[in-house]
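Please open the structure in a viewer and keep the sequence at hand.

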Amino acid sequence: MASLTLRSPSQTASSSRRLPLPLYLRQRSSNLQFDGAPSLSRRIRAQNAGKCDVTEPLDLANGKPTIPVINGRTLPKFYESTSMQNTVNRTSSRLKLFSGTANPTLSREIARYMGKELSKINIKRFADGEIYVQLQESVRGCDVYLIQPTCPPANENLMELLIMIDACRRASAKNITATQGRESIGAKLVANVLTKSGADRVLACDLHSGQSMGYFDIPVDHVYCQPVILDYLASKTISSNDLVVVSPDVGGVARARAFAKKLSDAPLAIVDKRRHAHNVAEVMNLIGDVKGKVAVMVDDMIDTAGTITKGAELLHQEGAREVYACCTHAVFSPPAIERLSSGLFQEVIVTNTLPVPEKNYFPQLTILSVANLLGETIWRVHDDGSVSSIFQ
């Protein structure tokens, strides 16, 4: 598996060898043309240009994946929008970024892309577990963005977000936007609580169900992160004739179909699960042909990895040559790591909307950063620009 490792500019030696970069690290001046249906029949290499500090490939013997990050302001190819390139004001002093404790690494990457510092905040827990939040700089009249995904422990992180919102409201913030990594199971209840606590807007990544936006009485900006995965896959040596996109269940067909359309309109296969009675084992059938092909399984999240692992077993039984697992949110509840690292998958590709603890690293894991995408979205929301145009 091709790997990248990130260093700060001060750590990057002048003699470091530049490696082939995924497509989404290329500059706009690349001579490679994409029209939403990239050709995978050739190996894609990036020019030694752009603001990305890339060093030697990571030795996967220690099982640690990599997080490709752009230090400049170049968006992935699927997200580039020439119509908005010069219309967003990126110098506002009335924009404040605050990070909760759920995913501080992603918060720092977003701030780096935006060319801003994270605003100062003190968050601690008392001995009895009560959460204490203190803003350490003024937010009066400012647009405040709170970066706090509801990852495990979900209840604690949600409560921390609510207290952060309340603190900003009491400090006279003009607008408060809650940035979440994924939706809660009790989406309607959470929508009501976020609204009542004082949030003016929600910025969410790849909601499990698009209908969840209707639960909110405040604006919701839905950010799609899967094109970052698309660009990464486009950089691999996979012939478009050998590729098939697989939905691990019937409920994810629309997502997989949209994914396949971007990959040279690749064929689609569906894993059909049926349980005829309670406490009776599931009967799994495959709709579509995967024999001799590279199967790319697509889902919005991987929790315990039961569904996607059973699907991979079926794909191998049906003759698939390789199986890739792709998702936006890496929840990875036990026993997900054991299942994903069992050898069924050639590669497991996720994003960093949720933090992946080091103990959960395994050799097949690749983590892609969505920090630049979220940073660009925040700028456009702040400047009343178009968010949907990013994805066109």
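This is a predicted model: local features need pLDDT of at least 70, side-chain atom pairs count only at pLDDT 80 or more; totals for chains, interfaces and linings use all residues.

Residues are numbered from 1 along each chain as its sequence is written, and side-chain values use heavy atoms, with hydrogens and water left out.

Begin with strand 1, residues 95-99; helices (H or I, at least four residues) and strands (E, at least two) are DSSP runs, numbered from the N terminus. Five of its five residues are buried, where buried means under 20% relative accessible area, exposed over 50%, and partly exposed in between (1.4 Å probe, protein chains only). L95, L97 and S99 lie on one side of strand 1, with K96 and F98 on the other. Opposite S99 stands I147 of strand 4.

Next, select P152 and P153, joined by a cis peptide bond with omega about -5°. P153 belongs to the loop between strand 4 and helix 2 (154-170). A cis bond also leads from P334 to P335, with omega near 5°; P335 is in the loop between strand 12 (322-330) and helix 7 (336-340).

Most residues other than glycine have a negative phi, and most peptide bonds are trans. Now select S172, in the loop between helix 2 and strand 5 (175-180): its phi is positive, near 70°. S172 is partly exposed, at 30% relative accessibility. Finish at D384, in the segment after helix 8 (371-382), where phi is near 55°. D384 is exposed, with a relative accessible area of 73%.

Key:
Two strands pair if DSSP finds at least two bridges between them.
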